[in-house]
Amino acid sequence: MVNRDRLVKEFLELTSIDSLSKKERKMADALKTRLEAMGYDVFEDDAGRKIGGDAGNIICTVKGTKQVPAIMFAAHMDTVEPGIGKKALIDGDIIRTDGSTVLGGDDVSGIVCILEALRVIREKGVEHGDIQVVFTVAEEGGLYGAKNLDYSKIYAKYGFVMDSNGPIGTVAVKAPSQDKMIITVEGRAAHAGLSPEKGIDAIRIASSAIAGMKLGRIDHETTANVGVINGGRETNIVCDRVEIMAEARSRDDRKLEAQTRHMKERFEQAAAEFGGRIGFQAERLYPSFNITEDAPIMDILRKAAETAGIGLITEETGGGSDTNIFNGMGIESVDVSTGMDKVHSTGECISINDLVKAAEFTVSIIRSVS
Ligand SMILES: [Zn+2]
C-alpha cells in the first residue's frame, strides 16, 4: 500500500532541512505546504512565541469518513546537534549521513510515516475516523512544544507518537516521570592557610552529601544521577559556594517522590553537620505514564499489528518524550517505533525496509480504530 519511492524521497527532502530546536521555521513551512497540498487546513499555535522559538506546533485535523473515536498522530520537527547541513546517503537498504551530522530520522521518520499514511488512505479510499496530526517543536531537551501545545484544538482520544526505536511493532507503554534538581550549597569563605577554621567548606558539604546518597539504578523503575557540579575559585580559599544539578526518574511516582526527598535530606543533613546552608529546587519535568494491557489503545495496536503482519512488542522505557505530556493531558498515548537507529549520534541511520514497514503500520493503526 505504501509508496516506497515517495516515502524515501520525502525522507531525504525533509532531513535536508535544518531544524534545530526552536529554529524549526523552515521545517514547519515545508510541512504546512505538504498538508495544504493534500487539501487540509493547517493551524500553527503560538508555542514558538511562548518558548522563544521561530515556529509553533503544527496541528491539522483530517475529518473522518466514519464515526469512530478520533486519534492523534504526533512527531517532533526538531533535531539535536550537530544537525546543520545534514546530507542523507543511501547505502543499500540503509540511509545514513557522512558522519559529520545526525541524520534527523529522529524524528523525520515519524513525520514521513504520518504524511504517507494520510496519502495512502485517500488513494485507497480507506474508511477512517477523525485524525489529528500534531508536529511539535522543541521536543529535544525539554518537550517544550508539547508542553505549550494549544490543547483547545485537540479532541483525539488516543495518541500515537511516532518517535521511538526498536523493531517495527515496538511500542513504549510505560515511561518514568522526572524531577530535575538544582542545589546550592553555601558555606563561608576564609583564607585556606591563615584561618581555615573560620571557613565552612561547601565542597566538603556537597561531597559528604553525595557520598552518602543512593544514586544510579535504584531499582528496576527508578534511577538517579548527579550530573553537574560547579564551584570554588582558588585553592587558597575555603570554598563558600557549590552548585549542583541532579535528576531522579521513576515509573512509580511515589518512588520518585521518595528518591527526591532522600537527595534533599542528604544535602540538609550534610549542611547541618558542617554548619552550611542549602538551597534546593526540584521541578517535575514531565509526568510518568503507564498504559496497561487492558487499555482501549492496546486493542487498536493489537489489531493493527495483526493487520500489518508484525509482532506487537510492548516495552518500558527509561526516557521521557512528548508521549509523557500527552498522557498527562489525558490523551491515552503510546510511543511507536519508526525504525530509527543510533539516534542522537552522527552514526544515526535507518533501514528503508523498516521505514516502509513503519508507514504500513501507521496505515494499519488508522484502519484498526473502531
Ligand atoms: Zn525523537
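In the predicted model, Thr-33, Glu-36 and Ala-37 of helix 2 are exposed. The buried residues of helix 2 are Met-27, Ala-28, Leu-31, Arg-34 and Leu-35. These residues lie on the same side of the helix, because they cover an arc of only 130 degrees around its axis; the exposed residues Thr-33, Glu-36 and Ala-37 are on the other side. The cover over the buried residues of helix 2 includes strand 1 (43-44), strand 2 (58-62), helix 4 (105-123) and strand 6 (131-136). Helix 2 itself spans residues 25-37, and its 13 residues reach 18 Å from the first C-alpha to the last, close to the 18 Å expected at 1.5 Å a residue. Just after the helix, Gly-39 adopts a positive phi of about 95 degrees.

The protein is divided into domain 1, formed by residues 4-175 and 288-367, and domain 2, formed by residues 177-286. The C-alpha centres of domain 1 and domain 2 are 38 Å apart. Eleven residues of domain 1 and eight residues of domain 2 take part in the contact. On the side of domain 1 that touches domain 2, strand 8 (170-175) and helix 9 (322-328) are the elements that give two or more residues. Helix 9 gives the most, with three residues. By type, this side of domain 1 comprises three nonpolar, six polar and two charged residues.

The largest nonpolar core contains 80 residues, and those with the most contacts inside it are Ile-111, Ile-114, Ala-117, Phe-160, Met-162 and Val-334. Helix 4 supplies the largest share of this core, ten residues. With residues up to four places away in sequence left out, Ile-114 touches Phe-73, Ala-75, Val-133, Met-162 and Thr-362. A second, separate core has 20 residues, among them Ile-183, Ala-202, Ala-248 and Ala-271.

Ala-202 is also one of the buried residues of helix 6 (residues 202-211), together with Ile-205, Ala-206 and Ala-209. Viewed down the axis of helix 6, the buried residues fall within an arc of 95 degrees and therefore line one face of the helix. They pack against strand 9 (177-186), strand 11 (222-231), strand 12 (241-250) and helix 7 (253-274).

Technical notes
Residues numbered from 1 in each chain as written. Predicted model: local features only at pLDDT ≥ 70, side-chain atom pairs only at ≥ 80, totals over all residues. Buried ≥ 20, exposed ≤ 12 C-beta atoms within 10 Å, placed from the backbone. Helix = DSSP H or I, 4+ residues; strand = E, 2+ residues; numbered from the N terminus. Arc of directions from axis to C-beta. Contact = placed C-beta atoms within 7 Å. Domains from an automatic or database assignment. Nonpolar A, V, L, I, M, F, W, Y, C, P; charged D, E, K, R; others polar. Expected span 1.5 Å × (residues − 1). Core = buried A, V, L, I, M, F, W, Y, C linked by C-beta atoms within 7 Å.
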